[in-house]
Amino acid sequence: MSASTGTAFAAARAEGRAALVGYLPAGFPDVEGGIAALRVLVDSGCDVIEIGLPYSDPVMDGPTIQAAAQQALDGGVRIRDVFRTVEAVAATGTPTVVMTYWNPVERYGVERFASDLASAGGAGLITPDLTPDYAPEWIAAADSRGLDKVFLVSPSSTDERIAMTTAASRGFVYATAVMGVTGARATTSDLAGPLVARTKAATAQSGLPVGVGLGVSTGDQAAEIAAYADGVIVGSAFVRVLLDHAGDRAAGLAALGGLTAELADGVRRG
Amino acid sequence: MNEDASRFDADDQGWFGEVGNFGGRFMPEALISALDELTLAWHEAMADPAFVEEFETVLRDYAGLPSPLYHATRLSERVGCRVLLKREDLNHTGAHKIRNVLGQALLTKRMGKKRVIAETGAGQHGVASATAAAYFGLDCVVYMGAVDTRRQALNVARMRLLGAEVVPVESGSATLKDAINEALRDWVASVDHTAYLFGTAAGPHPFPSMVREFCRGIGDEARAQCLDQYGVLPDAVAACVGGGSNAIGLFTAFLDDAEVDIYGFEAGGEGFDTGRHAATIFAGERGVLHGARTFVLQDEDGQTIESHSISAGLDYPGVGPQHAHLAHIGRAVYRPVTDAAAMDALALLSRTEGIIPAIESAHAVAGALGVAEELAATKGPEATVLINLSGRGDKDMGTVMEYFGLGDGQ
C-alpha cells in the first residue's frame with residue numbers, strides 16, 4: 001500500500017513546518033536519469049514527490065517544463081516508463097503522486113490507470129486540466145483505491161468553487177499562487193496569501209492541507225510561503241537546474257541536491 | 001438522453017447527448033470563472049434585442065451578408081442535378097470566419113474588455129480577428145505556429161497591417177494545436193482583461209455552442225434562400241470539417257429537417273492508409289483535446305498525433321464536439337476527401353463556374369459532387385445539393401501554383 005501525501009503533510013505539521021513538494025517530469029533527461037534526479041530530491045529533503053507525465057499539449061506549463069517534457073517525449077518516454085519511475089521513487093517510502101493532463105489517463109483507461117498507479121506504489125494524481133465537476137470517473141476510481149485526488153484552486157476561483165474543490169480533494173489541495181503557467185518568478189505573488197486564506201476557511205473542518213505552487217524557486221520564497229501554507233511546491237526551478245547542467249549529469253545532480261537543501265531549509269524557517 | 005439539452009444542443013455543462021459523452025469543459029481551474037462569466041455574458045447578449053440588432057447590422061453593412069445562394073448551372077449539368085453554392089467566399093476577409101469574430105468581438109466590447117487574443121493555423125481566423133479588432137478598436141495578439149508563419153507570410157503581413165501583433169509559436173509541432181496551447185497560456189495570465197476569440201466550434205464550453213450560434217446565419221440564410229428561390233428544401237447539405245465552424249453553421253438550420261441529409265467532409269490528406277491525414281471523426285479515437293471530449297488523432301498513450309492536410313484550415317487533430325455527437329447519433333455523415341480529390345474539385349469549380357474556392361471548401365465540393373451524382377441517379381434532375389463554399393482561394397494560390405505547376409517557367 002502506498003503512502004498518502006496526507007501522511008507527509010501531517011508529519012511536517014507535527015514538526016511545526018510546511019512540507020516541501022518537489023516536481024520533475026519522468027523521462028527527463030531520460031528514464032534512468034529522471035529516477036536518479038528524483039532520488040536526489042528525496043535524499044535532499046523533499047517530503048512529497050510529484051512526477052510529471054510528459055504530454056504533447058501541456059497548456060498549464062511554461063517554457064522550462066515544456067522543454068523538459070518535449071525532451072522526454074522525443075526520447076520516447078511511455079506511460080509504462082512513468083509507472084516504472086513511480087515505483088522506483090515510491091520504494092524510498094516518500095509519498096509519490098503523478099501530475100498529468102487528463103487525456104493520457106482517459107486513453108489508457110481510467111480504471112486501468114488507477115490500478116497500475118496503485119500497483120506501482122503511487123499515492124494519487126494531480127490533475128491540472130481536470131476539475132471535480134468533470135471528474136466522476138477519476139473520483140470513483142480513486143475512491144475505490146484510496147488514492148489521493150489533488151485538484152487545483154486558483155486566485156480566480158469563487159468561494160463556492162473552492163468549497164467544491166476542497167471537498168473533492170484528498171491528500172492536499174494545490175493552490176496556484178499566480179494567474180499564469182508554471183515557471184520560476186523573481187518575487188512571490190501577492191495573490192497567494194489571500195487564496196490560501198480563502199482555501200483554509202474551506203478546509204477548517206477537514207484539515208485538508210493546502211500546498212502552494214507556481215513560481216517558487218528560492219529558499220527565501222519557500223520560507224515566505226511556508227509562513228502561511230502547509231506545503232511549498234517547486235517544479236520549474238528543479239528542471240532549470242538540470243537544463244543548465246545538461247552536459248554534466250553529476251554536476252546537475254549536485255546542484256539539484258543543493259537547491260533542494262536550500263528549499264528544505266526555507267520551509268523550516270517559515 | 002440528457003434531459004437538459006435538446007436532441008442536438010449542449011446542456012448547461014456543455015455536454016452534447018449523454019452526459020459525459022462529447023463536449024464538456026476540461027480546463028485549468030484558473031479559467032473556469034472566466035468561462036462561466038463568458039457563458040453568462042453571451043446568454044444575456046443573445047437575449048438583448050439591441051445586441052442582436054447590432055450584430056446583424058455589422059454583418060450586413062460591414063461584412064456584406066447575407067451571402068448569395070448561387071445555382072451553379074454548369075456544374076449542375078455535369079452531375080445531373082441541382083447544385084447550389086452558399087457563397088461565403090464573397091464575405092469580407094474572404095470566408096465565413098468573419099461572422100464568428102464579429103460576434104465574439106462585439107461581445108468582448110459589451111463585456112468591457114480591451115484586448116483580444118486568437119490562434120490561427122493558415123491565418124484566416126487571425127486575419128478575421130485582426131480585422132474585427134481594428135473595427136472595434138481592440139488590442140489584438142495572434143498566436144501562430146512558427147511553421148505556419150513561414151508557410152503563410154502573406155497572412156502574417158495582413159494581420160500586422162491591420163494592427164495585430166503576431167507571435168510565432170516554436171513549441172511542440174509549431175502548428176495550429178500549439179498556437180491554441182500558447183493562446184491558452186496567455187489567457188490563464190490575462191483573463192481579467194482579455195477575451196479569447198476562439199476560431200472554431202471546438203474547445204471548452206461555451207465555445208462550441210457560442211461559435212455555432214455566431215455562424216448559424218450560414219444555414220439559416222441558406223435554408224430560407226433555398227425555399228424562396230426554389231420552393232424546396234435541399235435533399236442534402238455539405239460542408240468541409242476541420243474544427244467544424246462553417247459546417248455546424250450550415251448544419252444547424254437543417255438538423256430538424258429529417259428529409260435533409262447532412263454531410264461533413266474531413267481532410268483525408270494523402271489517404272487513410274498513409275497515416276498522413278486529418279480525418280478526425282473517421283479515424284480518431286475518443287479523447288480530450290483543448291478542453292472538450294471529442295474525437296482526437298492520438299497514439300495509444302494519448303499523445304496527440306500531428307495531422308496532415310494540403311489545406312491548413314482543416315489541418316487539426318481534433319474536431320468540434322457537436323460534430324462528434326452528430327456522427328455518434330447518425331444525424332450527419334462524415335467522410336474523408338483526399339488532397340488529390342480536393343485539388344481536382346478546386347480546378348473543376350474554377351473552370352466550370354469561374355469560382356476559385358479555398359482548398360478547405362474544395363473538400364466540400366469534391367465530396368458533395370459524389371453525393372450529387374448518387375442523388376441524380378436515384379431522384380433525377382430535381383434533386384438538390386447545397387454546398388457551403390466557406391471561403392475563397394486567393395490565400396491558397398501559392399499551394400495551387402505549386403500543385404498544378406502554374407508558375408512562370410514551369
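Domain bounds come from an automatic or database domain assignment. The model is predicted: local features need pLDDT of at least 70 and side-chain atom pairs count only at pLDDT 80 or more, while totals for chains, interfaces and linings use all residues. Residues are numbered from 1 along each chain as its sequence is written, and chains are lettered from A and ligands numbered from 1 in the order in which they are written.

**View 1. The two domains of chain B.** Chain B is divided into domain 1 (15-60 + 97-211) and domain 2 (65-95 + 216-404). Their C-alpha centres lie 22 Å apart. Across the boundary, 36 residues of domain 1 of chain B are in contact with 35 residues of domain 2 of chain B; contact requires C-beta atoms, placed from the backbone, within 7 Å. On the domain 1 side, elements giving two or more residues include strand S2 (22-23), helix H2 (49-61) and helix H4 (97-111) of chain B. Helices (H or I, at least four residues) and strands (E, at least two) are DSSP runs, numbered from the N terminus. By class, this side has 16 nonpolar, 14 polar and six charged residues. Ala, Val, Leu, Ile, Met, Phe, Trp, Tyr, Cys and Pro count as nonpolar, Asp, Glu, Lys and Arg as charged, and the others, Gly among them, as polar.

**View 2. The contact between chain B and chain A.** Chain B contributes 28 residues and chain A contributes 32 residues. On the chain B side, helix H1 (29-46), H8 and strand S11 (285-289) each give two or more residues. The largest share of that side, six residues, comes from H8(B).

**View 3. Helices H8 and H9 of chain A.** Helix H8 (residues 159-168) and helix H9 (residues 192-203) of chain A pack at an angle of about 55°, with their axes 9 Å apart. Axes are lines fitted to C-alpha atoms, for helices over the stretch in contact, and angles run from 0 to 180 degrees between N-to-C directions. H8(A) is therefore oblique to H9(A); angles under 35 degrees count as roughly parallel, over 145 as roughly antiparallel, 65 to 115 as roughly perpendicular and the rest as oblique. Asp159(A), Ile162(A), Ala163(A) and Thr166(A) of H8(A) make the contact with Arg198(A), Thr199(A), Ala202(A) and Thr203(A) of H9(A).

**View 4. Helices H4 and H9 of chain B.** H4(B) and H9(B) pack at an angle of about 115°, with their axes 8 Å apart. H4(B) is therefore roughly perpendicular to H9(B). Here Arg99(B), Asn100(B), Gly103(B) and Gln104(B) in H4(B) meet Val211(B), Phe214(B) and Cys215(B) in H9(B).

Methods
Two residues are in contact if their C-beta atoms, placed from the backbone, lie within 7 Å.
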